[in-house]
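This report describes the strand pairing, the nonpolar cores and the ligand surroundings of one protein model. The sequence and the structure come before the discussion.

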Amino acid sequence: MTAIYPGSFDPLTNGHLDIIARASRLVDHLVVAILQNFQKEPLFSVGERAEMLLESTSNIANVEVDSFSGLLVDYADARSARAIIRGIRAISDYEIELQMALINRRLRPKTETIFLMAGEEYSFVSSRMVKEIITLNGDVSSFVPPTVAIRLLRKMKLENRPPAAASAL
Ligand code: PNS
């Protein structure tokens, strides 16, 4: 069975990685699919996000990294995926996730959405918060894989921000 784990992954966090590791044990093939969202202004390009995902999941044999545009259910159809995996952290995630799952089910009933509860140690971590912390010169090393932390610091340096943490590079 193939499942899709879709998301923005801008950037990948330890919470995402936890879901990837656990979902990969439930299915034969897990496609981690990065949304090519041209409306949002991402911090990392799709290529950079794919690189970080590949670097962080190279130890999991049945994980593939890909990107998609358009409807998720159309992509699931194209990949012959029977399930969509989503992680749920707090109750605040539930409402939007329920809405997405019901819409996706109406659009393509044969694709099930499977929710995995985030590991409690990651239940407060989000890409948005990680970006805010790094912009404000905070330490994100316990929230993201090492490769992501390095790239975040590098990006801040390139943007000529003077975070103290950047001098560690
Ligand atoms: O990491 P995110 O930003 O929470 O992921 C959201 C994502 C990519 C799962 C969602 O935006 C999505 O599926 N977008 C594709 C467009 C689509 O299918 N929309 C209809 C279902 S709501």
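## Strand pairing and crossover

Strand 4 and strand 5 (residues 112-117) pair in the parallel sense over six bridges, where pairing requires that DSSP finds at least two bridges between two strands, and where helices (H or I, at least four residues) and strands (E, at least two) are DSSP runs numbered from the N terminus. Within this pair, Ile85 stands opposite Ile114 of strand 5. Together with helix 4 (residues 91-107), strands 4 and 5 make a right-handed β-α-β unit.

The model is predicted, so that local features need pLDDT of at least 70 and side-chain atom pairs count only at pLDDT 80 or more, whereas totals for chains, interfaces and linings use all residues. Residues are numbered from 1 along each chain as its sequence is written, and side-chain values use heavy atoms, with hydrogens and water left out.

## Nonpolar cores

A nonpolar core is a set of buried Ala, Val, Leu, Ile, Met, Phe, Trp, Tyr and Cys residues joined through side-chain atoms within 4.5 Å, buried meaning under 20% relative accessible area (1.4 Å probe, protein chains only). The largest such core has 33 residues, and Ile20 and Leu30 have the most contacts inside it. Helix 6 gives the largest share, five residues.

Leu30 touches (heavy atoms within 4.5 Å) residues including Ala3, Tyr5, Ile20, Val63 and Ile85, not counting residues up to four places away in sequence.

## Ligand surroundings

The residues around the ligand (a heavy atom within 4 Å) include Ser8, Lys40, Phe68, Leu72, Arg86 and Asn104. An oxygen atom of the ligand lies 2.6 Å from a side-chain N or O atom of Ser8, and an oxygen atom of the ligand is 2.9 Å from an N or O atom in the side chain of Arg86.

Key
Buried < 20%, exposed > 50% of the residue type's maximum accessible area, 1.4 Å probe, protein only. Right-handed = clockwise from strand over helix to strand, strands pointing away. Polar contact = N/O pair within 3.5 Å; in protein donor to acceptor, adjacent residues only side chain to side chain.
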